[in-house]
Amino acid sequence: MKVLACLLLFVSGVACAAEADYALARAALIDELELYARQAHGRDDIRIDGPALAAMARVKRHKLVPASERRFAYRNRPLPIGYGQTISQPYIVALMTELIEPDGDDVVLEVGTGSGYQAAVLAELVKHVYSIEIIAALAIRAEQDLRELGYQNITTRLGDGYYGWEEHGPFDAIVVTAAATHVPPPLIAQLKPGGRMVIPVGSRFMTQQLLLLEKTDKGEVITRQIAPVRFVPLTGEH
Ligand code: SAM
């Protein structure tokens, strides 16, 4: 009995130490992103010094990547998550999050749940996140992982995000995390007047442009090119 108790204490001690190491690595990543953001853009319209980094300082990215990738979880780079897909580079997650200007009352749609990381970052900042994933195994895993992390304001589903999620729209913001050849018209329709959408658009297997779309109160759409990016393609029947 005593041996078992000691063993349990030892195992939980090791787990605590590992969590402390991850917390240190996470804090170091946030410092690195702050610096990187200042160097990467000399543009007034791209600022990464606000809520996104504060949210990312709270989200346990190591819990959302496969065990084999965990030791790299707090490096500023994309990582494989299986099925030919990736969890986005933290800097890009920060950029996309800042670009939609998240607000505590917002309801946001994400297309491309993947690991669930971007959804978790958004969920730290907005009222509710709806997220769609087209690969069943990823959708199931992300749902489980996000539940285990305690996120109650994220709803996920399996499906083709090209068509959005009409019953929960219109959305204050839409974040598309896979590269489209064009901006899906159903997503524009499901964006509220005054809403913002970030989406990588361009050729499937080369560099794309990250676009920021803003729908005016009159329903006009203003599009700006933000930065060259590289995402896996938006797939599906469309
Ligand atoms: N946001 C994810 C994260 O934080 O881990 C990263 C997403 S990964 C770069 C792109 C994801 O989009 C993949 O998981 C892919 O299966 C998914 N995807 C591709 N086409 C899709 C579609 N039409 N509808 C929904 N998800 C799609």
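Which side chain does a polar contact of 2.9 Å join to that of His182? The partner is Tyr162. The model described here is predicted.

His182 sits in the loop that runs between strand 6 (171-176) and helix 6 (185-189). With a relative accessible area of 34%, His182 is partly exposed, because that value falls between the 20% limit for buried and the 50% limit for exposed.

Besides the polar contact with Tyr162, the side chain of His182 makes a polar contact of 3.0 Å with the side chain of Thr181. When neighbours within four places in sequence are set aside, the contacts of His182 are Tyr162, Ile199 and Val201. Val201 is 19 residues from His182 in sequence, and the two C-alpha atoms are 5.9 Å apart.

## Salt bridges across the chain

The model has seven salt bridges. One of them is formed by the side chains of Lys63 and Glu19, with an N to O distance of 3.6 Å. Lys63 belongs to the loop between helix 2 (51-56) and strand 1 (79-82), while Glu19 is in helix 1 (residues 2-40), so this pair ties together parts that are 44 residues apart in sequence. Lys63 is partly exposed at 37% relative accessibility, and Glu19 is partly exposed at 26%.

Another salt bridge joins Arg58 and Glu124, whose closest N and O atoms are 2.7 Å apart. Here too the pair links distant parts of the chain: Arg58 is in the loop between helix 2 and strand 1, and Glu124 is in the loop between helix 4 (117-123) and strand 4 (128-133), 66 residues apart. Arg58 has a relative accessibility of 44% and counts as partly exposed. Glu124 is also partly exposed, with a relative accessible area of 26%.

## The Glu214 and Arg196 pair

The side chains of Glu214 and Arg196 form a salt bridge at 3.0 Å, N to O. Glu214 lies in strand 8 (residues 208-215) and Arg196 in strand 7 (residues 191-202), and the pair links these distant parts of the chain, 18 residues apart.

Are the two partners buried or partly exposed? Glu214 is partly exposed, at 24% relative accessibility. Arg196 has a relative accessibility of 11% and counts as buried, because the limit for that class is under 20%. Glu214 and Arg196 also belong to one network with Glu101 and Arg224, joined by salt bridges that share partners.

Conventions:
Residues numbered from 1 in each chain as written. Predicted model: local features only at pLDDT ≥ 70, side-chain atom pairs only at ≥ 80, totals over all residues. Heavy atoms only, no water. Helix = DSSP H or I, 4+ residues; strand = E, 2+ residues; numbered from the N terminus. Buried < 20%, exposed > 50% of the residue type's maximum accessible area, 1.4 Å probe, protein only. Contact = heavy atoms within 4.5 Å. Polar contact = N/O pair within 3.5 Å; in protein donor to acceptor, adjacent residues only side chain to side chain. Salt bridge = Lys/Arg side-chain N within 4 Å of Asp/Glu carboxyl O.
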